[in-house]
Amino acid sequence: MESITLPSHAKINLGLKVGQLRPDGYHDIRSFFQEVNLVDTVRLERLDADVIEIVCESDDVPHDERNLAARAARLLKDEHDRSEGVRISIQKRIPVGAGMGGGSSNGATTLVGLNRLWNLHLSRAELHALSLKLGSDVPFFLAGGAAVVSGRGEHLYPVRGLAETRFVAVDPGFRVRTAWAFENLEIGLTATPPYISFLNSVMASGRVNLKRLFCSLENDFLPLVSAKNPVVHEVLDLLGRAGSQCSSLTGSGSVIFGCFANVEAVESAAELLQSSGYHFWICQPRTI
Ligand code: ATP
C-alpha cells in the first residue's frame with residue numbers, strides 16, 4: 001500500500017464539567033462526546049525520504065511539525081524506529097479553534113492510518129497510549145462514535161449515540177483558545193450536579209435518556225465565554241426560537257450547537273440563521 005485516504009470526524013460535547021487541576025497539570029473532565037459527520041479528509045502517502053510533509057490549503061493550521069497530524073507521525077517514527085517518511089494532505093472542513101476537535105481528530109486519524117500504511121500492527125491499547133501523548137481529546141477519536149469521557153480524556157465509556165438527533169452548529173464569529181479558557185475558568189466545588197448524575201446513569205445503563213440529557217446538560221465554559229462574547233446569548237436565543245431541544249457550547253467553544261428532533265425543525269433553524277447572517281453546519285451523529 002502506497003497511500004491511504006481517511007475521513008477525520010468532528011465531535012460535539014453534549015455537556016462538559018471541569019474538575020480541579022491534577023498534579024500532572026491537567027484538569028479532570030466529565031463529558032458526553034458525540035462524533036458527527038462533519039469531516040476533514042486526511043490522505044497519507046508513503047515517502048522514501050525521512051521527512052514528514054504537511055499539505056493543507058487552510059492558513060488556520062500549522063504547516064510544520066506543530067500540526068497534530070505531523071506530531072502523530074513523528075511520535076510513531078520516534079517510538080517505532082521508522083526510517084520512511086509521509087506526506088499528509090489535509091482537506092479542512094471542520095472549523096479550527098471551534099471546540100469541534102478537528103486537530104485532535106486529524107491526529108487520531110493519522111495514528112490509525114499510519115499504523116496500516118507502515119504495517120506497524122499496533123494494538124488498540126498501544127494506539128490509546130500514544131494518542132494520550134498527543135492530546136486529551138485524541139483517544140476519543142480512535143474509536144469515535146459516542147462515549148462518556150472522564151479523567152483528562154483517557155477514560156472512555158462507549159455508548160450508543162444520539163442516532164435520531166440532528167445538530168446545527170453555529171459559528172458565532174469569534175474563536176476561543178482552549179488554553180485561555182482553562183486558565184480563566186473558575187472551578188467551583190459543587191455538589192453532584194444533575195449533569196453528573198445523568199452521566200453516571202448512562203454508564204450504569206449503557207443508554208442515553210434524551211429528555212434527561214437535555215434538561216441536565218451543562219457546559220462549565222459557557223458563563224466565561226458568553227461573558228466575554230455576548231453574541232453567544234444571541235445565538236442561543238436564536239436556536240431556542242428555532243425550536244432547538246437544547247443548545248450550548250461544544251468544548252470551550254466557540255461553536256454553539258442546537259439539537260433538533262427532525263429535519264423540518266432543522267430547516268426552519270437554517271432559515272432563521274441564514275437571514276441573521278450566521279455561518280453554520282448541519283450535521284448528524286456518526287453511529288458505529
Ligand atoms: P481543542 O481540542 O483544543 O478544543 P479545537 O477543537 O477548539 O481544539 P482545533 O481545530 O483542534 O480546535 O485547533 C486547536 C489548535 O490546534 C489551533 O491552534 C490549530 O492551529 C492547532 N492545530 C494543529 N494541528 C491542527 C490540525 N491538523 N487541524 C486543526 N488545528 C490544528
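The structure holds zero disulfides, a disulfide being a pair of cysteine sulfur atoms within 2.5 Å.

The model is predicted, so local features need pLDDT of at least 70 and side-chain atom pairs count only at pLDDT 80 or more, while totals for chains, interfaces and linings use all residues. Residues are numbered from 1 along each chain as its sequence is written, and side-chain values use heavy atoms, leaving out hydrogens and water.

Turning to the overall layout, the protein divides into domain 1 (3-158) and domain 2 (166-283), with bounds from an automatic or database domain assignment. Their contact (heavy atoms within 4.5 Å) takes 27 residues from domain 1 and 33 residues from domain 2. Together the domains bury about 2,600 Å², 68% of it on carbon and sulfur atoms; this is the accessible area (1.4 Å probe) lost on putting the two parts together, summed over both. On the side of domain 1, L14, K17 and R30 lose the most area, together 23% of what that side buries.

Two salt bridges are counted between the domains (a side-chain nitrogen of Lys or Arg within 4 Å of a carboxyl oxygen of Asp or Glu). K17 also meets E218 in a salt bridge, at 3.0 Å from N to O.
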